Amino acid sequence: MERLLTSGNTHPGRRRKENQDACIVKHLWTDEKALAVVIDGVGGYAGGERATAIAKDCIEQYMQVPSGDTLTMLREAVIFANNQIAEERKKDQKLSAMCCVLTALVADTLSQRIYFVHVGDTRLYRYRDGKIQKLTRDHSVVGIREDAGEITEKEAMAHPHRNQILREVGSALHRLDDEDFMEYGCDALVPGDLLLLCSDGLTDMITSHQITRVLSTNQPLINKTGRLVELANECGGHDNITVVLLQYPVSISIEKITSNIVSVSTNTETFSNETNKKKDRQWTNAIFVPAVLLLILIAAASWYFSTPKKVLATDDRHPVSAFNIPPDSSRVKTMARVYHPVVQGPPTLEKTDTLRISSTQNFADLKKYADSTGSTIVLVPKKYNSNHFAAVAITGRSAKPGDTLLVSNLRLIGFENGIDIHLPILLKAENLVFENTTNPFRYLFKPGEKQASLLFMNIVKQ
């Protein structure tokens with residue numbers, strides 16, 4: 001199995017003397033596995049630098065010895081780092097605002113998988129077959145709009161609120177089962193893949209097209225990381241810049257097979273014309289028939305996965321999961337629909353901001369976004385995506401059981417499910433509009449939790 005190639009580079013940039021960024025890039029347990037982490041400190045120089053150092057040390061320490069499945073271990077490492085930072089904040093008033101954002105990755109050529117955890121506005125990209133793809137979503141005010149396609153990449157890079165983050169590591173204690181803290185997942189890793197982790201000091205300065213041009217060169221990885229940092233500095237270097245690259249090289253055996261095929265093809269030219277014709281027919285049959293069958297299979301798979309799937313109706317006890325994740329039998333949820341709106345006429349929607357979304361948005365993130373823009377937020381399903389996921393989720397990041405929570409200036413259009421409420425609270429609503437929404441509210445509680453009552457003010461269901 002091929003050894004992963006790695007390279008990392010971090011630089012303070014042109015406008016800052018200190019560097020609150022840090023990175024980890026090392027082989028993990030075996031040559032076939034590698035750990036890569038990019039960390040960006042938040043909370044002033046002293047606080048950001050301290051938070052970054054704690055996160056780096058905690059993740060390296062936790063990942064020293066393999067234990068359990070890789071993705072769970074990586075998530076636990078980030079939780080460990082988060083809680084250590086949160087505890088340190090309490091000890092020193094000068095560090096009371098410290099936290100960080102990070103993206104962590106384990107690449108494994110044996111299983112041909114990558115496992116990642118992400119919080120904030122650092123990023124993970126994959127470069128494959130000449131194209132670059134962003135695998136993480138920015139947890140930031142501007143990132144939500146850019147990922148939804150409401151603003152362009154260049155508009156996002158120049159946006160005055162681009163540094164307002166919605167999630168961070170270390171601002172509060174978290175548990176592994178907190179659904180709205182970290183983004184995590186796994187994906188395929190194939191020979192030739194090039195993975196990029198970076199801080200926003202890179203992506204605020206240069207575009208994905210510029211990044212692609214560097215990654216497409218035949219330079220060694222160390223030259224590519226250096227060139228990316230150099231480009232960010234040439235474009236202003238306003239922030240610390242951190243770049244980590246991992247490459248899964250193409251197997252040598254594949255190259256040998258290719259050269260052997262070329263050699264066989266060349267040698268056949270020495271045969272007689274009659275022999276050549278016979279060989280050509282055999283060669284054509286051997287290659288053409290499997291190739292046609294392969295193309296048919298690819299076309300069928302493409303049609304199947306691109307065709308919208310019907311979602312089976314469920315009863316109130318088994319809501320459809322937006323992420324197709326098997327339910328955890330130890331945390332079975334029950335649901336009761338409670339919807340008795342008091343219609344007082346449509347609210348006045350003066351300044352609106354439309355977001356096209358492809359997954360459930362956390363209410364805490366939306367509230368920060370709405371507060372920063374002063375707009376009524378309009379949510380609609382992203383084109384070509386199913387509308388069966390809930391538009392908004394109210395979780396422990398927004399309130400505690402028994403709290404009274406105000407949901408205001410929000411308009412949901414075209415969703416199967418409107419707002420999922422995961423804990424017993426008293427809900428007040430102002431200027432809350434549902435259009436073409438089958439289930440405006442769903443209450444999702446663990447068995448035994450007390451049902452909360454609802455207060456509605458100026459709610460419209462159209």
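**Reading exposure, salt bridges, strands and a cavity**

User: What is the relative accessible area of Glu87, and how is that value read?

Analyst: Glu87 has a relative accessible area of 34%, which makes it partly exposed. The general idea is a scale with two cut-offs: under 20% is buried, over 50% is exposed, and partly exposed lies in between. Keep in mind that this is a predicted model.

User: Is Lys90 buried or exposed?

Analyst: Lys90 counts as exposed, because its relative accessibility is 60%.

User: How do I read a salt bridge, and which side chain does Lys90 meet in one?

Analyst: Look for a side-chain nitrogen of Lys or Arg within 4 Å of a carboxyl oxygen of Asp or Glu. Here the side chain of Lys90 meets that of Glu87, with N to O at 3.8 Å. Both residues belong to helix H2, which spans residues 70–91. They are three residues apart, so about one helical turn separates them.

User: How many salt bridges does the structure hold?

Analyst: There are 21 salt bridges.

User: Which residue forms a salt bridge with Asp187?

Analyst: Arg126 does, and the closest N and O atoms of the pair are 3.5 Å apart. Asp187 sits in strand S8 (residues 183–188), while Arg126 sits in strand S6 (residues 123–128). The pair therefore ties together parts that are 61 residues apart in sequence. Asp187 is partly exposed at 26% relative accessibility. Arg126 is buried, at 7%.

User: How do I read strand pairing, and how many bridges join S16 to S18?

Analyst: Count the bridges between two strands; at least two make a pair. Strand S16 (residues 404–413) is joined to S18 by nine bridges, and the two run parallel. To see where they face each other, find Val407: it stands opposite Ala429 in S18.

User: How many residues of strand S18 are buried?

Analyst: Seven of the 10 residues in S18 (residues 426–435) are buried, and the strand is mostly covered.

User: Which residue forms a salt bridge with Arg411?

Analyst: Glu435 is the partner, with the closest N and O atoms 2.2 Å apart. Arg411 lies in S16 and Glu435 in S18, so this pair ties together parts that are 24 residues apart in sequence. Glu435 counts as buried, at 15% relative accessibility.

User: Which residues do salt bridges with shared partners join into one network?

Analyst: The network is made of Arg123, Lys134, Asp138, Glu146 and Asp147.

User: How do I read a cavity, and how many of 30 Å³ or more are there?

Analyst: Think of a space where a probe fits but cannot get out. The structure holds one cavity of 30 Å³ or more. The largest cavity has a volume of about 130 Å³. It is lined by 14 residues, and those closest to its centre are Arg123, Asp138, Glu146, Arg162 and Asp204.

User: What classes of residue make up the lining of the largest cavity?

Analyst: Eight are charged, three are polar and three are nonpolar.

User: How do I read the cysteines, and how many disulfides does the structure hold?

Analyst: A disulfide needs two cysteine sulfur atoms within 2.5 Å. The structure holds zero disulfides. Take Cys99: the nearest cysteine sulfur belongs to Cys100 and is 6.9 Å away. Cys99 is buried, at 6% relative accessible area. Cys23 is buried too, with a value of 18%.

Conventions. Residues numbered from 1 in each chain as written. Predicted model: local features only at pLDDT ≥ 70, side-chain atom pairs only at ≥ 80, totals over all residues. Heavy atoms only, no water. Buried < 20%, exposed > 50% of the residue type's maximum accessible area, 1.4 Å probe, protein only. Helix = DSSP H or I, 4+ residues; strand = E, 2+ residues; numbered from the N terminus. 1 Å grid on protein atoms, 1.4 Å probe; cavity = no way out; pocket = protein on both sides within 12 Å on 5 of 7 lines; lining within 4 Å. Points joined across faces, edges and corners; volume = space filled by probe spheres on them. Nonpolar A, V, L, I, M, F, W, Y, C, P; charged D, E, K, R; others polar.
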